[in-house]
Amino acid sequence: MILEKKSRIVMAGDSVTDCGRNRELPDCFWSTWGDGYVHIVYSNLLAFAPEANIMVINKGVSGDTSRDLLARWESDVMASRPDYISVMIGINDVWRHFDSVVRQENLVAIDEFRENLESIAEKSRGVKKLFFITPVFWANTEDEPMFKMKRNFDAVIKSVSEKVGAVFIDAQSIADKVLKSQSHYMFTTDHVHPNLPGHTIIAEAFLRAIKLERT
């Protein structure tokens, strides 16, 4: 496994990462992992690598764009003294172009998205490994305009990962394979926020990337 014994990993992102985590308790107390993929990752590490004593910290914040995440990076993410960091961000950067245009919000363009990810990577120097996970848009067709835009943002995540030496985790591609056999309604009600099976797919993508052995 990539993660070393007694190391701590901070998993940062938006509502899909947050997933109802308890902010009132100290990190790594029950309910601080939320009800999504972060909790599944923690559960697998505890069950299959109990000797490793990996500390998993959820730093997802519902509604975050890459701009929001960058603004709290030092005070929230790096303040947790991570050895490893995973980042899954970008779905709100895209979504706001479709659900907030009439409010004339200050939308995150793709060039700013790239700059935000590069800044996050720059501010993460010193961690042992940075993981960038693509968010998942749960759809059975690529004709959906939001899905088309998200593909372009995913390409930015991949290129930034290559540029800064981060591990690129393409959770979208794994979900796409599953969606060839099942309707997206089996995993989400709004194309963005997954249920437990959907979170399991995201968690599995991460667990494969860290090479967790489960025997």
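Which residue's side chain does a polar contact of 3.3 Å join to that of R125? The partner is E122. A polar contact here is a pair of N or O atoms within 3.5 Å; within protein, one must be able to donate a hydrogen and the other to accept it, and residues adjacent in sequence count only if both atoms are side-chain atoms.

The model is predicted: local features need pLDDT of at least 70, side-chain atom pairs count only at pLDDT 80 or more, and totals for chains, interfaces and linings use all residues. Residues are numbered from 1 along each chain as its sequence is written, and side-chain values use heavy atoms, leaving out hydrogens and water.

R125 sits in the loop between α6 and β4 (129–133). Helices (H or I, at least four residues) and strands (E, at least two) are DSSP runs, numbered from the N terminus. R125 is exposed, at a relative accessible area of 65%. The cut-offs are under 20% for buried, over 50% for exposed and partly exposed in between, with a 1.4 Å probe and protein chains only.

Helix α6 (residues 110–123) packs against helix α7 (residues 145–164), their axes coming within 10 Å and crossing at roughly 30°. The two helices are therefore roughly parallel, a term for angles under 35 degrees. Axes are lines fitted to C-alpha atoms, for helices over the stretch in contact, and angles run from 0 to 180 degrees between N-to-C directions. On the α6 side, I110, F113, R114, L117, E118 and A121 make the contact. They meet N152, F153, V156, I157, S159, V160, K163 and V164 of α7. Contact means heavy atoms within 4.5 Å. By type, the residues of this contact are 9 nonpolar, 2 polar and 3 charged.

Helix α5 (residues 91–99) has buried residues I91, N92, D93, V94, W95 and R96. Their cover includes α3 (66–71), α6 and α7.

Two further buried positions lie elsewhere. T17 belongs to helix α1 (residues 15–18). T17 is buried because its relative accessibility is 1%. Leaving aside residues up to four places away in sequence, T17 touches M11, A12, Y37, V38, N58, G60 and M88. K59 is part of strand β2 (residues 55–60). K59 has a relative accessible area of 11%, so it counts as buried.

How values were computed. Parallel < 35°, antiparallel > 145°, perpendicular 65-115°, else oblique. Nonpolar A, V, L, I, M, F, W, Y, C, P; charged D, E, K, R; others polar.
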